[in-house]
Amino acid sequence: MMSQTTLAGPAEDLNDDDVSAIDELGNVYQRLRDELGRVIVGQRDVIEQLAICLFARGHGLLMGVPGLAKTLLVSKLAETMSLKFSRIQFTPDLMPMDITGTDILQDGAGGRREFQFVHGPVFANIILADEINRAPPKTQAAMLEAMQERRVTAIGKPFVLDAPFLVLATQNPVEQEGTYPLPEAQLDRFMFLIELDYPSEEEEIEIARTTTGDELPELDHLLHAPEIIAYQNLVRRVPVPDHIYKYAARLARKTRPHGGTAPDWLKPLVSWGAGPRAVQNLILGARARAALSGSYMVRLEDIQHVSAPVLTHRLITSFAAQAEGLSAKDIVRRLVEESGDEA
């Protein structure tokens, strides 16, 4: 089934209210970076990608070794956005009802006993699905239904999740024993692959200085749910020129080794390329980045900026690429460099 995400039609000019709202969103984003900077050292690119996912109504897959403040970052993002935060630790014995909730028998009026649905941790605005690849496929499927449909099915009944709804899942790249790697079809549901790397020496010293003293400060609340939803709607109205649509589509199609659109050097390196959902996410990510940077129209640099987090986890590299030490990110980087003059 195709993604329910839809793209806007031909680009239209923004009205005066939208222009003012984009200016306000740019100011809010700067304040968000400053607030998170009070407790998070470095990680400026990661903060930007999280903000893009939030305002584009996407989900993110966080990849990084333990100890890089992934949980702290996500919880503080929820704090500054005044959103309900929930952390789910995925384990091999986690069942779908542990996420969605279940019916329990309660004593009702008049001594009668009746079933009452108890909401699970998925009923929040920002979900940290910690080590999602440690849970069995049935539990992952329950989480992915919530991501895709913005609702869950429990005891045969559908329950709609409150907006905004953002899932940020983590995978631990160093622990592979006892894990259930996410299939490519499930990875495709994530808008971004957000990679966290080790901090620099100066940043690591600052981390030790700020986290081994007094308790971390409470951050200011910058937005509330209705304002976030309004900005999410605004992002989808940011105009996209026709040549940007064509560039995004051609860039994604070049990752497909069997479609006749890939360059010759890529064909032996990639087994499977990005699908149509990648084009949708390139446009949505570029729209969100343009709005966050105070731009009133999507530019080529916006598409290029989000191409790595959108495309990297959607490419399956071949043995030849692994033998040459080439990652999917390296392939995407070369594609973008070669495609820069085609827009």
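Guide: Five strands make an open sheet here, ordered S2-S5-S8-S1-S9, and their pairing is parallel. The model is predicted, so local features need pLDDT of at least 70 and side-chain atom pairs pLDDT 80 or more, while totals for chains, interfaces and linings use all residues. Residues are numbered from 1 along each chain as its sequence is written, and side-chain values use heavy atoms, without hydrogens and water.

Visitor: What makes S5 and S8 a pair?

Guide: Two strands (DSSP E runs of at least two residues, numbered from the N terminus) pair if DSSP finds at least two bridges between them. Strand S5 (residues 126-130) and strand S8 (residues 166-171) have four bridges, in the parallel sense, so they count as a pair. Ala129 stands opposite Ala169 in S8.

Visitor: Which strands are called edge strands?

Guide: Strand S2 (85-89) and strand S9 (192-195), as each pairs on one side only.

Visitor: What makes a set of residues a nonpolar core?

Guide: Its members are Ala, Val, Leu, Ile, Met, Phe, Trp, Tyr or Cys, buried and joined through side-chain atoms within 4.5 Å. Buried means under 20% relative accessible area, with a 1.4 Å probe and protein chains only. The largest such core has 79 residues, of which Phe55, Met81, Ile303 and Leu311 touch the most other members. Helix H10 (residues 276-292; a helix is a DSSP H or I run of at least four residues) gives the most to this core, ten residues.

Visitor: Which residues does Leu311 touch?

Guide: Leaving out residues up to four places away in sequence, Leu311 touches Leu251, Ala274, Ala278, Leu282 and Val332; contact means heavy atoms within 4.5 Å.

Key: Buried means under 20% relative accessible area, exposed over 50%, partly exposed in between (1.4 Å probe, protein chains only).
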